[in-house]
Amino acid sequence: MAISVPSRSVRLALCSVLALASCEAAGTMAGGGPQSDYLVARQALETGNYDTAIRHYARLIESVDANSAARLQLEYAHALLRANQYFQAITVADVLIQRHEGSIQASALAVRGTARHEAARERLAAGLHDADTRALLISAQTDISAFVAREGTLDSTGSMRARANLIAQDLQSV
C-alpha cells in the first residue's frame, strides 16, 4: 500500500493555517494593535470562542475613544450573552440603551431582552417559578417588543418575533 504525500501547495496551505491558528491562540495576529485585536475578537465571537472574544473586546474598549466604543461595547455585550454571562450582558446593554439612539440602541435592546429571557429560562429550568423570574420575563418582553416595534427593524429573519412568542409562552408558566 502506497502512502501519498501531499503536494507542495497543500503543505504550504496547511503551514499557513497552522501559523494563523497559533497567532490567534496567542491572542493577536501579525501586526498587532487595535485592528488586529478587533479581528481576533470578531473571529472568536463568530466561531464560538467567547472567552477570547470577551477578553479582546474588553481590551479594545479601554483603548478607543467614546465614539468608537459603542459598536465594540455592543459586540462585547453579544459575546457576554453567548457566553451565558447574562447579567453582565444586561449591564453593558443598559449603558448602550441609555446613551445611544438608532441602531446601537435597537441592537442593545435585542441583546438585553435576549439576555433577560435566557436568564429567566435558566431559572425556570431550575424550578424557580417566582416573582424574580416573572420580572425577568416581563422586562425581556418589553425589550423585545420595543425592538420589534421600531421602524426599519433589524429583525429581517424574524428571530426576535419568534423570541417574543417564546417569552409569552414562558410567562404563562409563572
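**First stop: the pocket**

By class, eight nonpolar, six polar and seven charged residues make up the lining of the largest pocket (Asp, Glu, Lys and Arg count as charged; Ala, Val, Leu, Ile, Met, Phe, Trp, Tyr, Cys and Pro as nonpolar; the others, Gly among them, as polar). This is a predicted model, where local features need pLDDT of at least 70 and side-chain atom pairs pLDDT 80 or more, while totals for chains, interfaces and linings use all residues. Numbering starts from 1 along each chain as its sequence is written, and side-chain values use heavy atoms, with hydrogens and water left out.

The largest pocket holds about 480 Å³ of space. Select His 78, Arg 82, Ser 107, Ala 110 and Val 111: of the 21 lining residues, they are the closest to its centre. Now colour helix H4 (66–82); H4 gives the largest share of the lining, six residues.

**Next stop: Arg 116**

Select Arg 116 in helix H6 (residues 102–125). Is Arg 116 buried or exposed? Arg 116 counts as buried because its relative accessibility is 16% (buried means under 20%, exposed over 50%, partly exposed in between, with a 1.4 Å probe and protein chains only). Show the side chain of Asp 143 too: a polar contact of 2.9 Å joins it to the side chain of Arg 116.

**Last stop: Asn 84**

Move to the loop between H4 and helix H5 (86–99), where you'll find Asn 84. Asn 84 isn't a glycine, yet has a positive phi of about 65 degrees. Most residues other than glycine have a negative phi. With 47% relative accessibility, Asn 84 counts as partly exposed.

Technical notes: Helix = DSSP H or I, 4+ residues; strand = E, 2+ residues; numbered from the N terminus. Polar contact = N/O pair within 3.5 Å; in protein donor to acceptor, adjacent residues only side chain to side chain. 1 Å grid on protein atoms, 1.4 Å probe; cavity = no way out; pocket = protein on both sides within 12 Å on 5 of 7 lines; lining within 4 Å. Points joined across faces, edges and corners; volume = space filled by probe spheres on them.
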